[in-house]
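Please look through the structure below together with its sequence. The briefing that follows begins with one residue and its surroundings, and then moves on to other topics.

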Amino acid sequence: MSSRLNPPPSSTDMSKWLTMIRRHASDANPFHAISFFKAIPRNQRENAPLDDHFVYASLIKACNRLSAIREGRSIHCHVLRFGLDYNVNVLNALVYLYSSAEKSMGCACALFDKIPEKTIVTVNCMISGFVKNKRFDAGVGLFNRVLGGGFDLRVKPNYVTLVILISGCVEFGRFSIGNSLHSYCFKTSLDLKNEVRNALIHLYAEFEYMDDAAKLFHETNVRDLVSWNTMIAGYAKNNDCRNAFSLFREMRIGNIECDRVSLVSLISACTNSRDLHMGKAVHAYIKVSGMEMMIHFETALINMYSKCGSIELGRKVFDELADENIASWNSMIYGYVECGFNIEALSLWNVIQSRKIKPDAVTMLGLISACRSSGDLHQGIQINSYIESSDHLSGSTVLCNALIDMYAKCGSMDRAETVFSKMPRRDVISWTSIIVGYAINGEGEEALLAFRKMGAEKIEPNSVTFLGVLSACDHAGLVDKGNNLYNIMCKYYHIEPKIEHCGCMVDMHARAGMLEEAYKFVKDMPVEPNAVVWRMLINACRVYGDFNLGLNLVSGLIDVKTVHGPEDHVISSNIFAEAGRWDDVLQERSLMVAQKAVKLPGKSSIADSLE
């Protein structure tokens, strides 16, 4: 082993150095190639200059694999020194290196513009860089320049160009461009390439056009494993467990060997469809086929069992592996939280600590969620302390946002404020979390003050932010301010109101006894009112004694068959009683008995208060 890693002892033959550099440039660890390059004695470089452009192209590719931009710049200097900047392979490698990182995209663009004779490889390197660095439109623009003859007429898009751009359409949600690219592929016959066809199948599957994806798949003469996996993953994403398994059976009949990706996609299909029976079948297949139970299988199975409500089977999978990988512990924690077993989720934290397994941000988010759901403030404080004392977790915006939300749900706004004030960076979620926290704890004025500060810091509110601040106005009785904020949301920020926003507005007017205004708002709502909205209005009519309006609303609800749940029957029964219509009260109660409708009692979400 040592002979592979050490430079040739006292070697004066430059060819031996070149051989070692080339060999290691394509190794699993390309760092060795750069190490050999640095180890060449200076006097040998001067006596026998290293002017092999293949070696420099290999070194630049090694730097790219290591994301070593600084070392790449150093090698670029050697390229210039030995006059190798005419070589297209070296230049393409440099463009690809510089375009792989956002901070060096300027160098990539400058170098690209200076290359006198560009090839399609040069263009592909640049387009790939634009897509990687979230400049998709620039990548499409470069593609259009090629089509318009902006470079040598011999430079034409190839299948790599199309795969890069179609994948970018998926990543950035640009289906219309992807559809246009499909048309181009059809005209140029590039869609006959398996790589392009697989990218197109993925495009249609991601945007839920499964019929189009299936048409492309079945028109493919030679399907590789990627084709099958892409289709199965597409069905999984679209909650179509039946078709996913149908394809899997076709694979087996055709003696096509499935891999880890195939099986993880099948498990995902079972998870999304909540199909426990088929999920067990996949689990059994993995065991019978003798496949190694890798971490990907374990996490997918635990997730599937928890989503299907069989957490005990998920725990069995977890216990059978006894893996020290934190990803498996994270899956089990989230599985418990998913099924409402928050105490069990938190108990795993003690085991993680006793085994000295290093948790990550995902672990802590799961534990914070367990504290939030159970209202366990004591455990929440302990987890907060651990995060603050850990260098790799402290200051995380995501974790701080989760802590603010958890403290707010546990009724501890003082601690939520402390976390918020200590944050090194605050995003829209941070501000929204503190605003919603004030709202649910009845501190309307504080919520409005936080909203104003948010605006002063040039943080643009989103739909959830407005839901929080409208809720604050609702519970604090700030009708005028609520109306003003609703108008700002619609007219200034152009945020389309959802049923939740409208519900806040109806409840705000109803609580204030402004029943006519509330009813007018319901009639003019941009979305269809649901049972909750009608329930708010009917209950307000009962509270404020407007029985005529309340009875009309109940009659209207019955006519359109909106009343379904026990709460609706209780609200209707109550207003009938207030109006002295006892026959109708009896009828509503009888319907509840006939439908076996039981109104669930409320409970506090606070398990323990230390305040």
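Serine 310 touches Leu276 and Tyr305, where residues up to four places away in sequence are left out and where contact means heavy atoms within 4.5 Å. This is a predicted model, in which local features need pLDDT of at least 70 and side-chain atom pairs count only at pLDDT 80 or more, while totals for chains, interfaces and linings use all residues. Residues are numbered from 1 along each chain as its sequence is written, and side-chain values use heavy atoms, with hydrogens and water left out.

**The chain as a whole**

- The protein chain holds 36 helices and zero strands; both are DSSP runs numbered from the N terminus, with helices being H or I runs of at least four residues and strands being E runs of at least two.
- Of the 611 residues in the protein chain, 47% count as buried, a word that here means under 20% relative accessible area, whereas exposed means over 50% and partly exposed lies in between, with a 1.4 Å probe and protein chains only.
- Among the contacts in the protein chain between residues at least 6 apart in sequence, 62% join residues that are at least 24 apart.

**Serine 310 and helix H19**

- Serine 310 is found in the loop between helix H19 (295-307) and helix H20 (311-321), and it counts as buried because its relative accessibility is 8%.
- Although serine 310 and leucine 276 are 34 residues apart along the chain, their C-alpha atoms are separated by 8.2 Å.
- Helix H19 has 13 residues and reaches 18 Å from its first C-alpha to its last, which is close to the 18 Å expected at 1.5 Å a residue; the expected span is 1.5 Å times one less than the number of residues.
- H19 is mostly covered, with ten of its 13 residues buried, and among these buried residues are Phe297, Leu301, Met304 and Tyr305.
- The partners against which the buried residues of H19 pack are helix H17 (260-273), helix H18 (276-288), H20 and helix H21 (326-338).
- Just after H19, glycine 309 takes a positive phi of about 80°.

**Two helices packed together**

- Two packed helices are described by the angle between their axes and the distance between the axes.
- Helix H22 (residues 342-354) packs with helix H24 (residues 377-389) at an angle of about 35°, and their axes are 12 Å apart; the axes are lines fitted to C-alpha atoms over the stretch in contact, and angles run from 0 to 180 degrees between N-to-C directions.
- In this pairing, Leu346, Trp349 and Gln353 of H22 meet Gln379, Ile383 and Tyr386 of H24.
- The residues of the contact of H22 with H24 divide into four nonpolar, two polar and no charged, where Ala, Val, Leu, Ile, Met, Phe, Trp, Tyr, Cys and Pro count as nonpolar, Asp, Glu, Lys and Arg as charged, and the others, Gly among them, as polar.

**Cysteines**

- A disulfide is a covalent bond between the sulfur atoms of two cysteines.
- With a disulfide taken as a pair of cysteine sulfur atoms within 2.5 Å, the count comes to zero disulfides.
- Cysteine 107 is in no disulfide, and the nearest cysteine sulfur, that of cysteine 109, is 9.4 Å away; cysteine 107 counts as partly exposed because its relative accessibility is 30%.
- The sulfur of cysteine 270 is 4.0 Å from the closest cysteine sulfur, in cysteine 241, which is too far for a bond, and cysteine 270 counts as buried because its relative accessibility is 0%.

**Loop residues and a serine in a helix**

- Lysine 134, in the loop between helix H9 (120-132) and helix H10 (136-147), has a positive phi of about 60° although it is not a glycine, and it counts as exposed because its relative accessibility is 62%.
- Lysine 458 has a positive phi of about 60° although it is not a glycine; it lies in the loop between helix H28 (444-456) and H29, and it counts as exposed because its relative accessibility is 73%.
- Serine 471 lies in helix H29 (residues 463-476), counts as buried because its relative accessibility is 16%, and touches Ala439 and Cys504, not counting residues up to four places away in sequence.
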